Amino acid sequence: MTYRPRSEFLNVMQTRGFIADCTDLQGLDEALLAGVVPGYIGFDATAPSLHAGGLIQIMLLRWLQKTGHKPLVLMGGGTTKIGDPSGRDEARQILTQEQIGQNIAGIRKVFDSYLTFGDGAGDAMMVNNADWLDELKYIEFLRDYGRHFTINRMLSFDSVKLRLDREQPLTFLEFNYMLLQAYDFMELNKRLGCQLQLGGSDQWGNIVNGIDLTRRVEGKQVFGLTTPLLTKADGSKMGKSAAGAVWLNADMLSPYEFWQFWRNTLDADVGKFLLRFTELPVEECARLGALGGAEINEAKIILANEVTALCHGAEAAATAAATALEVFEKGGLGEDLPTVTLSPAEIGDGISIVQLFVRSGLAASGKEAKRLIADGGARLDDDAITDAGLLLRAADLSAPVKLSAGKKRHARVEVG
């Protein structure tokens, strides 16, 4: 018989489909009922923003706070210097301390939209594991904590096994990552009373290591909960679009493009995404996800509005929706479209249509832009482009023009 949790947090997690595994569901349930439980998720600072693939983890922390508990956002200022081997075929690029600091500042902006930070019992905190990892004396660390990890067990984890099975190199530096992540959990438990680590199911081995280490060294019981790895109905990776990563920071991806990503959700994913990425009631998510035909498009607009409002604010969501209406239903040129502003000097005697598609982000390369034109998917002010050698001169750009790649991706080009 499936255990039915009594705590609000686990009830939300279960009914909205967030739970893949839990180390002790009943024990965690009792801890959540007994008082405020601090819980954390770690994020390595490998880019100045998280993307939509990390949104499920952000929503976990948001629900933890909404149900009366304390979210801890652990920034991997220390572990980013190594890189998590989970799900990777090769070692990460080594970043400088300055780059890591800039990335953490950018990621903080994302969390300010989803969590309330402060000094209260249930207020969120952002913590940096460099605070303790940078101070470690390596020999003493290996002596005191390395003895609790066996090579046999470490080799059994998917993050290691998959790399070895593919005969792809796994550096000793990366091999240390799981020791340091386990140490993070123990340190957060000692410093902040953290009782729970959350993460994707690919983090299960790392989470269990932290629970074991905390039990062995501190004699404390802590818990782990993982979410299913989320892929789209077509099997593609969550957080990616035709144009690249779906960043959560507005300075890396406009709110309109973010809104459009969710509006273009596959029909089969609508109900699942409403449950995971919005706060609409479960019954409403199920009703909208079950719609068919043209009605499912209304559900997709609701999904896009709700997710964008959480990430960028209600005003940005409303503006994005209005722009989409102008562009798609009225055939106009929405003010909020991604915009490329050219100087007269850049235009000169003429700028090629291929170059404009690349500059606007509608094509990743000149080759891709030419293929788009050859396939009939490129449009200029809603007219099909048939000549890849087309040059636009200053007179052609005296008013803003609209570039389109297929039916759903658009950009505005103007002279500034």
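This is a predicted model: local features need pLDDT of at least 70, side-chain atom pairs count only at pLDDT 80 or more; totals for chains, interfaces and linings use all residues.
Glu 414 is partly exposed, with a relative accessible area of 23%, where buried means under 20% relative accessible area, exposed over 50% and partly exposed in between, using a 1.4 Å probe and protein chains only. Its side chain meets that of Arg 412 in a salt bridge, with N and O 3.4 Å apart, the term standing for a side-chain nitrogen of Lys or Arg within 4 Å of a carboxyl oxygen of Asp or Glu.

Residues are numbered from 1 along each chain as its sequence is written, and side-chain values use heavy atoms, with hydrogens and water left out.

**Salt bridges**

The structure holds eleven salt bridges, and the table lists some of them.

| Pair | N to O distance | Relative accessibility of each residue |
|---|---|---|
| Lys 66 and Glu 279 | 3.7 Å | Lys 66 44%, Glu 279 27% |
| Glu 346 and Arg 359 | 2.9 Å | Glu 346 37%, Arg 359 37% |

The salt bridge between Lys 66 and Glu 279 links distant parts of the chain, since Lys 66 lies in helix H3 and Glu 279 in the loop between helix H13 (270–277) and helix H14 (282–289), 213 residues apart. Helices here are DSSP runs of H or I with at least four residues, and strands are runs of E with at least two, numbered from the N terminus. Lys 66 and Glu 279 also belong to a network of salt bridges that includes Arg 62.

Glu 346 and Arg 359 form another salt bridge. Glu 346 lies in helix H17 (residues 344–347) and Arg 359 in helix H18 (residues 353–359), so this pair ties together parts that are 13 residues apart in sequence.

**Packing of two helices**

Two packed helices are described by the angle between their axes and the distance between the axes. The axes of helix H1 (residues 8–15) and helix H3 (residues 55–66) come within 9 Å and cross at roughly 145°, the axes being lines fitted to C-alpha atoms over the stretch in contact, with angles that run from 0 to 180 degrees between N-to-C directions. Phe 9, Val 12 and Met 13 of H1 make the contact with Leu 60, Trp 63 and Leu 64 of H3, where contact means heavy atoms within 4.5 Å.

**Loops and surface**

Thr 46 is found in the loop between strand S2 (38–43) and H3, and counts as partly exposed at 36% relative accessibility. Although Thr 46 and Lys 81 are 35 residues apart in sequence, their C-alpha atoms are 9.1 Å apart in space. Gln 221 sits in the loop between helix H11 (204–218) and strand S6 (223–227), and counts as exposed at 53% relative accessibility. Between Gln 221 and Gly 27 there are 9.3 Å from C-alpha to C-alpha, with the two residues 194 residues apart in sequence.

Leu 155 lies in helix H7 (residues 151–156) and is partly exposed, with a relative accessible area of 37%. Together with Ile 151 and Leu 164, Leu 155 makes a nonpolar surface patch of about 250 Å².

Methods:
Patches are made of residues with over 30% relative accessible area and no salt bridge: like charges are joined within 9 Å, nonpolar side chains (Val, Leu, Ile, Met, Phe, Trp, Tyr) within 5 Å. Accessible areas come from the Shrake-Rupley method with a 1.4 Å probe; for residues, only the protein chains shown count as cover.
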